[in-house]
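Let's take a walk through a protein chain together. Have a look at the sequence and the 3D picture, then read on.

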Amino acid sequence: WEGKPNVLTGEKEVELVGGSLNIDDKHKRFAEHLDATVSWMAGRDETRTSSQTFLSDGSVFGRLQEAHRNKDFNTSVTNTFGIPKIYLNFGTTGGYFRQDGHGLSRSATFSSDPIAFGSCLQIIDSLFAPTVAAGLQQININRVHDQTKFGSTSYNLGQSIDWEKGLPWGDEMTVKLTGSYGKDKRDAFSRYDLTYSDPTGAPDKQDRFTPYRHHNYEYGADILYRMNLYGGWFIDYGYNHTQRYDDSNGPLYRLDALGLGLDFGVLPSQAEYLQTIDVDNSYQSHYMTRTHRALLAARRIHDRGAYKYMYGIVANLIYKNESLHYWLAGQSYDKREGNLLVEPMIYFQCRPNGNGKLWFKLSYDSQQTTPNLVQLIDIIDTSNPLAIKHGNPNLKVGVRHHAHLELGRGKYGSYLGTILDVNIIDN
C-alpha cells in the first residue's frame, strides 16, 4: 500500500489553566512538587488521501476525504514527594479526559488510476454528485459515505515508590514499585452507506452503535544493583516483574434492523436496541500479561586525556507469559503463549574532551515483539464489508535488528556529521 496523506485544514483552539507548587524543607526532611493542569480544546481537521493497493491480480486505487470536529476536556495532576534522609520518593499521577465529536468520511475505490479526473476532492465531489461523468463511473468499483458521532470519557491513576541509595562500599542499589489503573468508555454511532457501480452489487446500509468499554491495571517491581569497579568499570544486575490485565467489551448493534427511521445519534429504548446486536462481530476479551526480565550489563568509561571512551554490552533475558479469554459470535476461545526472548545491545562511543575534534558512536541492539493473542485466533471479523479480517494462528515473534552509526566533528551535541541507521525486521 502506498498513500499520500495531506492534512489540508487544521484548526485548534486551546484554553489552558495550570499551576505548580514546590516546597523544599530547609531542614531537608522532605521535598514536595505538584503540577496540575486543566485544558479545553476545540479542533477541526480535514484529510485527503490518494492510495494504491497492490493485489495479486492487479492494483486498486483509492480516494478518501475525512473531516472531523471534536471538543476535548482534560485534567492532569502529577505529584512528587521525597524524603531525602531515607532515600524515598513517591510519585502520584492522575488524569481525566472527555471528548465529544462528529465526522464525515467519503471514500471510493477504482479499477484504474482516476488522476485524469482531477484532484482527490474533485473526484470525490464528482462521484457523490447527482450525475457522475461516464468515464469516472466506468472505472469506479464502489463508494462509501460514513457519518460518525461519538462521546468518550477516560481516567487513570498511577503510583510509584522508589528507593535509591549509594552503599558504603561504593556500589549503588535501586528498588522501585509501580502501579496504575485506567478506565475508558466510548459510545459511537456510524451511519454507513456502501454502494457499487455494478448494478449486480447489492448496496449495504448500516446504522451502527458501538458502546466500547475497557479497563486495565498494571503493577511492577524493579530492582537494580550496580557494582562500581576499579578502572571505570560498572556492572549492573537487574530484575523486573510486570503484570498487566486488560478487560474489553465491544458489542456492535445494528440499529438499521429496527427500521424506525431514527435520527442520527439517537437511541431507541434499551429493550429495542439490545435486540439488534450483531453477535458475529461483538466481542469480549480478558487479557493477562506477565513479564519477567533479567538484566546483566557491563560498561566502562575510560578517559584518555583528549578523548573519553565509553563501551559496554547489555543482555536482557525476558520471559513473557500471556493468556487470553475471548468471546466472539457466541463462542469462547482460550489462548495461552509463553515466549523466551533475548534482547542484546552493544555500543562503543568516542567523545572528544575539546572542540573541533572527530568523534563517533557505533551501536547495535535487537528487540523482539510477540503478536497479540487475538491475532492468533482463527476468527473472522466482518464488521467492515470492504475489509474482512481473518486471524492468523501462524504469526511468529517479530525481531528488529538495529544498527546505528554517528560520525562527526565538533562539540558533542553541536556538530556537523553523518548519522546512519539500519533496521532489519523479521516476521
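Two residues are said to be in contact when they have heavy atoms within 4.5 Å of each other. Keep that in mind while looking at this model, which is a predicted one. Take the contacts between residues at least 6 apart in sequence: 68% of them join residues at least 24 apart.

What is the chain built from? Three helices and 18 strands. Its radius of gyration is 28 Å, well over the 22 Å that the globule rule gives for 427 residues, so the chain is more spread out than a compact globule. If you draw a box along the principal axes, the C-alpha atoms fill roughly 80 × 50 × 45 Å.

## Inside and outside

How much of the chain is buried? Of the 427 residues, 30% are. A residue counts as buried when its relative accessible area is under 20%.

## Helix α1 and its buried side

Zoom in on helix α1, which covers residues 120–127. Which of its residues are buried? They are Cys 120, Ile 123, Ile 124 and Leu 127. These four cover an arc of only 95° around the axis, which puts them on the same side of α1. There is a general idea behind this kind of pattern: an α-helix has 3.6 residues a turn, so residues three or four places apart point the same way.

What does that buried set pack against? The list is β3 (31–55), β4 (58–83), β5 (88–110), α2 (134–139) and β6 (140–166).

Ser 126 is also in helix α1, but it counts as partly exposed because its relative accessibility is 32%. Apart from neighbours within four places in sequence, Ser 126 touches Thr 131, Val 132 and Leu 136. For a sense of distance, Ser 126 and Leu 274 are 148 residues apart along the chain, and 39 Å separates their C-alpha atoms.

## The end of strand β11

Next stop: Asp 303, which belongs to strand β11 (residues 283–303). Is Asp 303 buried, partly exposed or exposed? It is partly exposed, because its relative accessible area is 46%, which falls between the 20% and 50% cut-offs.

Leaving out neighbours within four places in sequence, Asp 303 is in contact with Lys 308 and Asn 353. Leu 340, on the other hand, is 37 residues from Asp 303 in sequence and 38 Å from it in space, going from C-alpha to C-alpha.

Most residues other than glycine have a negative phi. Lys 28 is not a glycine, yet its phi is positive, at about 60°. Where is Lys 28? You'll find it in the loop between β2 (6–24) and β3. Lys 28 counts as exposed because its relative accessibility is 56%, and the cut-off for exposed is over 50%.

Asn 427 is another residue, not a glycine, with a positive phi, in this case near 60°. Look for Asn 427 in the segment after β18 (414–426). With a relative accessible area of 68%, Asn 427 is exposed too.

Terms used:
Residues are numbered from 1 along each chain as its sequence is written. This is a predicted model: local features need pLDDT of at least 70, side-chain atom pairs count only at pLDDT 80 or more; totals for chains, interfaces and linings use all residues. Side-chain values use heavy atoms; hydrogens and water are left out. Helices (H or I, at least four residues) and strands (E, at least two) are DSSP runs, numbered from the N terminus. Buried means under 20% relative accessible area, exposed over 50%, partly exposed in between (1.4 Å probe, protein chains only). The radius of gyration is taken over C-alpha atoms; the globule rule is 2.2 Å times the number of residues to the power 0.38. The arc is that of the directions from the helix axis to the C-beta atoms.
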